[in-house]
Amino acid sequence: MAIRLKQFKIRKLKMRLKTPFMTSFGTFRDKEFLITEAIDSEGNHGYGESVAFTIPWYTEESLHTTIHMIEDFLIPLLRENTVEHPDDVLKIFQPIKRNNMAKAALEGAVWDLYAKRENLTLAEALGGKKNQIDVGISIGIQSSIDELLETIKNSLASGYKRIKLKIKPGFDIDVLREVRRRFPETPIMADANSAYTLNNIKHLQHLDDLNLMMIEQPLAHDDIVDHAKLQAVMNTPICLDESIHSLDDVRKAHELGSCKVINVKIGRVGGLSEAKRIHDYCQEHGIPLWCGGMLEAGVGRAHNIALTTLPQFTLPGDTSGSSRYWEKDIIKPEVIAANGVIDVSEQPGIGYELDEEAMDAFTEWIKVYSM
Ligand code: OSB
Ligand code: MG
């Protein structure tokens with residue numbers, strides 16, 4: 001039965017991270033984002049979360065381009081078309097090139113709405129079977145090696161199943177060597193966020209001595225060709241993050257040999273429908289997957305948990321517990337990662353209630369679009 005969308009409600013929130021998060025391209029102190037709410041004519045509600053940062057330094061989208069796309073192009077397209085199933089949303093958005101994070105912010109709300117209408121968990125609606133997921137933690141660049149070692153020790157004490165370390169030129173091989181010496185058995189990987197070029201091949205080859213699970217996005221944010229050249233001369237598996245925006249990108253990267261692992265982020269690929277298509281291709285071709293993170297608040301985190309219940313998400317991802325990021329999250333209960341495991345909610349849809357009080361405290365404005 002067609003979903004009769006009656007209204008979209010967009011809220012802009014701003015939340016302060018517990019601790020600043022430093023990457024090779026910049027430091028995050030606050031997260032500014034949208035909570036999208038799809039309401040149907042029967043009074044069901046579905047929620048999504050936008051992931052683009054305020055500055056386009058990860059990929060090209062920003063919070064403001066998201067707002068522009070939603071308001072001026074995506075909402076009008078939804079008004080003109082009928083949604084029978086959430087898979088239709090990305091098809092309806094097809095005339096608009098890229099702007100995947102904007103598309104995913106609306107599509108996610110429709111997926112949650114659909115699951116609730118069908119009385120399914122979002123995980124079930126996607127075809128996921130796991131009732132628990134294994135998770136890791138992504139640790140930003142720290143001001144000293146000692147501080148990093150201490151942070152890793154605490155993360156392992158909390159039970160996280162793998163440690164991802166952000167690296168950049170000047171904070172890379174020597175640091176990782178020290179970390180490996182101190183933690184000889186720990187599953188460790190590194191994320192460069194496109195800080196290197198093929199001129200750094202010799203330097204990057206030192207990673208092969210460190211028994212890393214993988215190196216994430218060493219080269220340019222929009223590259224798959226140079227990554228194939230690098231993978232050909234490195235044993236450490238390359239994982240692509242920034243370069244992957246669609247199933248087609250995954251197929252090309254796989255055919256070229258640009259990577260051995262894929263990081264799926266729902267927003268980066270334009271939503272859950274495309275994430276699922278990528279999952280199915282990777283399952284068919286034996287490519288391991290894990291779910292990446294964009295320092296999400298609770299709603300986005302819940303979507304990531306649901307996606308990770310699909311079987312080819314064989315590696316622990318970056319979906320840590322709420323308390324790793326926030327003093328107070330916007331969902332009830334908060335996401336808890338105990339011993340590196342998150343229990344998948346059995347409640348319909350995203351499986352968490354919105355904490356209206358917390359939402360109101362972080363909300364800067366609300367806009368309502370009738371459909
Ligand atoms: O490259 O995965 C990334 C955070 C901000 C921007 C890019 C990335 C990250 C992370 C953190 O690694 C993931 C998370 O904990 O949500
Ligand atoms: Mg990354």
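Tutor: The dialogue below takes up the metal site and then the aromatic rings. The model is predicted: local features need pLDDT of at least 70, side-chain atom pairs count only at pLDDT 80 or more, and totals for chains, interfaces and linings use all residues. Residues are numbered from 1 along each chain as its sequence is written, and side-chain values use heavy atoms, with hydrogens and water left out.

Student: Which residues are the protein donors of the magnesium ion (ligand 2)?

Tutor: Donors are N, O and S atoms within 2.8 Å of the metal (3.2 Å for Na, K and Ca); water is not among the atoms, so sites may look incomplete. Here D191 (OD), E216 (OE) and D241 (OD) lie 2.1 to 2.3 Å from the magnesium ion. Their spacing in sequence is D-x24-E-x24-D.

Student: Is D191 buried or exposed?

Tutor: Buried means under 20% relative accessible area, exposed over 50%, and partly exposed in between (1.4 Å probe, protein chains only). D191 is buried at 0%, and D241 is buried at 0%.

Student: How is a pair of aromatic rings described?

Tutor: One gives the distance of the centres and the angle of the planes. Rings of Phe, Tyr and Trp (its six-membered ring) pair if their centres lie within 6.5 Å; planes under 30 degrees apart count as stacked, over 60 as edge-to-face and the rest as tilted. The structure holds seven such pairs. Among them, F25 and F28 are edge-to-face, at 6.0 Å centre to centre and 90° between the planes, whereas Y325 and W326 are tilted, at 6.3 Å and 35°.

Notes:
Chains are lettered from A and ligands numbered from 1 in the order in which they are written.
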